[in-house]
Amino acid sequence: MYNLFKLDNGLRVVVENIEQFNSVSVGLWVENGSRNEDAINNGISHFIEHMMFKGTKHRTSKQIAEAIEDIGGQINAFTGKEATCYYVKVLDSYLELGLDVISDMLFNSNFTEEDIEKEKGVVVEEINMSEDSPEDVLMDLHSIAAWGKESISRPILGYEHTVRGFNRTMLVDYLQSYYIPENCVISICGKVDMSNIKEIVEKYFGAWECNKKSITKYNNPEILKSNLFRKKDIEQLHVTLGIPGIEVGHDDIYTLILLSNILGGGASSILFQKIREELGICYSIYLFISSHINAGTVNVYAGLNPQYIKEAL
């Protein structure tokens, strides 16, 4: 059973004690992703995630990693369309260290001009790597076909020209606007002493206050009836088909998950058995759900020889 409480500054905290564990996972979830961006700053949420690991007033970039990895823990982060998460996994005795490192990154990151310029090169290479993955290219194309000019269609990594345009002022202003207690959740799961966990979280995050506040609210985007194509010099044709789905948190989400598994969730699914096993015209085919706030799609992906596309469809 989880426990939910809120600090005076609006920060929500959710905790689940699992007594038989000897470890704990801590996550800082920010309700901010590429869906919060515009055409000029597309990719800034993901870029800020990178910059959080580049050093603080108290730790160098290497010391951030060493603080967790030297005790056998893990530290990482990821960015999505609607959320950014920074997390650590450590032994339960190092819970406070995990909170200290995350809070240090949040409140004391340097964002030096030198580090920003270096990281632009890193992120551009990440974009280039994504361009070498047909599935990644296809998923970004699929989002644009489904959502058009809506912010939900924008790629999480952004584009090279938008990333190259970032500067310290843009990054800090964006951070101060969206990284606010009201947009965030601290999640803690594992072996936790429930008698003092609120005081511990208060110690590291209780003084968090912001003057600029952009409370995240998303619109209700309309799914388009559209199609997009992109030619690449590769062997296979990669294709996705999408239909309207359901939003995250909907009562029917588990029903839809069950249905997606039946249709395209594994080797026994209808799509796999028909298209791959019976017809033998593809190697990879599956169904996946994309559920967002106020929006959702159900999608089928296949990679196959172009000569079989009509039969597969």
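1. His 292 sits in strand β8, residues 282-292; strands here are DSSP runs of E with at least two residues, helices are runs of H or I with at least four, and both are numbered from the N terminus. With a relative accessible area of 13%, His 292 is buried (buried means under 20%, exposed over 50%, partly exposed in between, using a 1.4 Å probe and protein chains only). Apart from neighbours within four places in sequence, His 292 is in contact with Arg 35, Lys 81, Glu 82, Ile 152, Glu 247 and Val 248, where contact means heavy atoms within 4.5 Å.

2. A word on what we are looking at: this is a predicted model, in which local features need pLDDT of at least 70 and side-chain atom pairs count only at pLDDT 80 or more, while totals for chains, interfaces and linings use all residues. Residues are numbered from 1 along each chain as its sequence is written, and side-chain values use heavy atoms, with hydrogens and water left out.

3. Do have a look at helix α3 (residues 95-108) and helix α8 (residues 197-205), which pack at an angle of about 30 degrees with axes 9 Å apart. The axes are lines fitted to C-alpha atoms over the stretch in contact, and angles run from 0 to 180 degrees between N-to-C directions. The two helices, α3 and α8, are therefore roughly parallel (under 35 degrees; over 145 is roughly antiparallel, 65 to 115 roughly perpendicular and the rest oblique). On the α3 side the contact is made by Leu 95, Glu 96, Leu 99, Asp 100, Ile 102, Ser 103, Leu 106 and Phe 107, and on the α8 side by Ile 197, Ile 200, Lys 203, Tyr 204 and Phe 205.

4. Within that contact, Glu 96 and Lys 203 join their side chains in a salt bridge, at 3.1 Å from N to O. A salt bridge here is a side-chain nitrogen of Lys or Arg within 4 Å of a carboxyl oxygen of Asp or Glu, and by this rule the count comes to 13. Since Glu 96 belongs to α3 and Lys 203 to α8, the pair ties together parts that are 107 residues apart in sequence. Glu 96 is partly exposed at 31%, whereas Lys 203 is exposed at 57%.

5. Two further pairs involve helix α4. Glu 114 forms a salt bridge with Lys 118, with the closest N and O atoms 3.5 Å apart; the two are four residues apart in helix α4 (residues 113-131), separated by about one helical turn. Both Glu 114 and Lys 118 are exposed. Glu 131 and Arg 230 meet in another salt bridge, at 2.6 Å from N to O. Here Glu 131 lies in α4 and Arg 230 in the loop between α8 and β7 (237-244), so the pair ties together parts 99 residues apart in sequence.

6. Salt bridges also link Arg 59, Asp 100 and Asp 104 in a network.

7. Which residues have a positive phi without being glycine? Phe 111 is one, with phi near 55 degrees, and Asn 294 is another, with phi near 65 degrees. Most residues other than glycine have a negative phi. Phe 111 lies in the loop between α3 and α4 and is buried at 4% relative accessibility. Asn 294 is placed in the loop between β8 and β9 (295-304) and counts as partly exposed at 26%.
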